[in-house]
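Trainee: Could we go through this model together, one feature at a time?
Mentor: Gladly, let's bring it up first.
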Amino acid sequence: MSRRTARRPARLVLNVIAVVVFVASVFPVYWMVNSSLLPASAVSSSTPHLFPDLFTLKNYVAVILEPKGDIRFLPALGTSLLVTGVSVVAALLFAFLAALALTRFRFRSRRGFIVALLVIQMVPPEALLISTYRVLDGWHLINSVIGLSLVYTATVLPFTVWTLRGFVNGIPAELEEAAMVDGCSRMGAFWRVTFPLLGPGLAATGVFAFIQSWNEFIYALVVMTRPDSRTLPVWLRAFVQATKATDWAQIMAASTLLAIPVIVFFLIVQGRMTSGLVAGAVKG
Amino acid sequence: MSTAVRRRPPAFLRGPLPLLVPAGVVVAAITGWPLVQLVIMSLQEFGRAQIFGAPPEWVGLANYVDVFTDPTFWAVLGRSLAFCAVNVVATMVLGVAIAALMTRLSRGFRGLVSAGLLLAWAMPPLAATVVWGWLFDTDSGLVNYLLTLVTGSDWMGHSWLFNPVSFYFVATVIVTWQSIPFVAFTAYAALTQVPGEVLEAASLDGAGAVSRFRLVTLPFIRSVLVVLLVLQIIWDMRVFTQIYALQTIGGLAEATNTIGVYIYAVSTKGGDLGAGGAIAVVLVVIMLAISSYYIRATLREEEA
């Protein structure tokens, strides 16, 4: 795209709009962190504090150590980490295998699989909530990390298979054939040659699976019914409910604790994430 | 691996099938099977008695008749469609506008805008809803404070979530704020693919900015915009977390349910899994109808 240098006043207007967009995007996140670092009295006072001038970490200490309602923070953090970890690993591994099948082989039911993949991706999880609960209940997978991880894996699989498929397509099959000529089995070639070359694709789909599992709220609410098996999003909502949405300083500290891992993760892999997501939508 | 003698596995293990088994089994068990159960449930009388073990009774399409004759269902569906329409239009217009803005900015300012968008994109929807809920809080929210400051009349104590219309306004702000980054990034990527020579040629032929956009840029990014549009419709139609969490913070659930939250309420609080199932089936059908264009387009590309 040719660089058209806009005239001076036009350039100024564009830059001002850019700053407005930036502030509108960032402000709620800033406000969350800012309020979490202020004492409750300052947060509920009639004049807002725009900066954490009365800096305190008391809210975080209270949120982490003093349970509000019947859910405690640390066990919820543990459950969230475990469920997210299992889901991401399972989703990436299963999706990698399925993507290989759909790119490296031509078989009769291939088209059927692809149609099923696209259709299932469009079934809203909200509609399946109750029947999934009953199915899991029948298999004794309620209140189980495995049960919830299975739900998240199944939810992200259609997308991860589809995305990884595009990345596998981009790796020439000749590389695998060369390895097989050198004595590798076909599976060995997939594992030793193709898998390590999939870095960007695995990053993009891994982040997707991470964010979906970490943020998911409804299934966690319904499937994990015992207080000690709750995940962080459910803990946050219980926290808001228990404080009757009044102690906003602590609620903001709780929200920050939920948001920080995602934001950090996102910022680290963002370049790959956007290029990976966009690769499917934009064809050069 | 250089074993001289390799045992050849049986034929069915050498093909693609074993590779598809793990993903296939998980999706079939956790999505496919519940989908079948959902359809069965929607054809049964399935209330509290059945939850506690009474055998369900087949009632044919009675649940569907009940749902379609219930004015509450139509009110919920209408609200969902209206909410979806407003959010999709707002997200697409602002998202594409920001993408166009990004193509005109210098490197530094473009980085600034991307960083901001990324942060909004990364916020967990639940945390975002809680934060916005506080910004719009009745007594100590920043919005009421600023409105009092700017307009001079007293806004403190104004409840945004109590009135369904302003409840939906807050929900729209939250959903749009979080959806814009994806649209903006994708549309920006598409815009950078528009060849500069064609734009230059058009401008030498005397085309103004508006006709350049309409005649050159738009045809180039049309397919990406259609995909974005379909995805936004799908996501905004099934919005759950934001509405449900806002109802926790304040607001009247009955007057603000969208279809996803309504299914949940009918099935759990209402205890009528048959009716909830029927509404869920209706939602699945609506979603598949909306996305059939997207599915067909993807398949066509796949075969090309």
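This is a predicted model: local features need pLDDT of at least 70, side-chain atom pairs count only at pLDDT 80 or more; totals for chains, interfaces and linings use all residues.

Trainee: Is B:Pro16 buried or exposed?
Mentor: B:Pro16 sits in the loop between helix H1 (11-14) and helix H2 (17-42) of chain B; helices are DSSP runs of H or I, at least four residues, numbered from the N terminus. A residue is buried with 20 or more other C-beta atoms within 10 Å of its own, exposed with 12 or fewer, and partly exposed in between, with C-beta atoms placed from the backbone. B:Pro16 has 20 such neighbours, so the residue counts as buried.

Trainee: Which residues does A:Ala98 contact, leaving aside neighbours within four places in sequence?
Mentor: Contact requires C-beta atoms, placed from the backbone, within 7 Å. Leaving aside those neighbours, the partners of A:Ala98 are A:Val161, B:Leu19, B:Leu20 and B:Ala23.

Trainee: How do H6(B) and H9(B) lie, oblique or parallel?
Mentor: The axes (lines fitted to C-alpha atoms over the stretch in contact, with angles from 0 to 180 degrees between N-to-C directions) of H6 (107-122) and H9 (164-191) of chain B come within 8 Å and cross at roughly 130°. Under 35 degrees is roughly parallel, over 145 roughly antiparallel, 65 to 115 roughly perpendicular, and the rest oblique. H6(B) is therefore, relative to H9(B), oblique.

Trainee: Which residues of H6(B) meet H9(B)?
Mentor: On the H9(B) side, the residues include B:Trp177 and B:Phe185. Their partners in H6(B) are B:Leu117, B:Leu118, B:Ala120 and B:Trp121.

Methods: Residues are numbered from 1 along each chain as its sequence is written. Chains are lettered from A and ligands numbered from 1 in the order in which they are written. Helices (H or I, at least four residues) and strands (E, at least two) are DSSP runs, numbered from the N terminus. Two residues are in contact if their C-beta atoms, placed from the backbone, lie within 7 Å.
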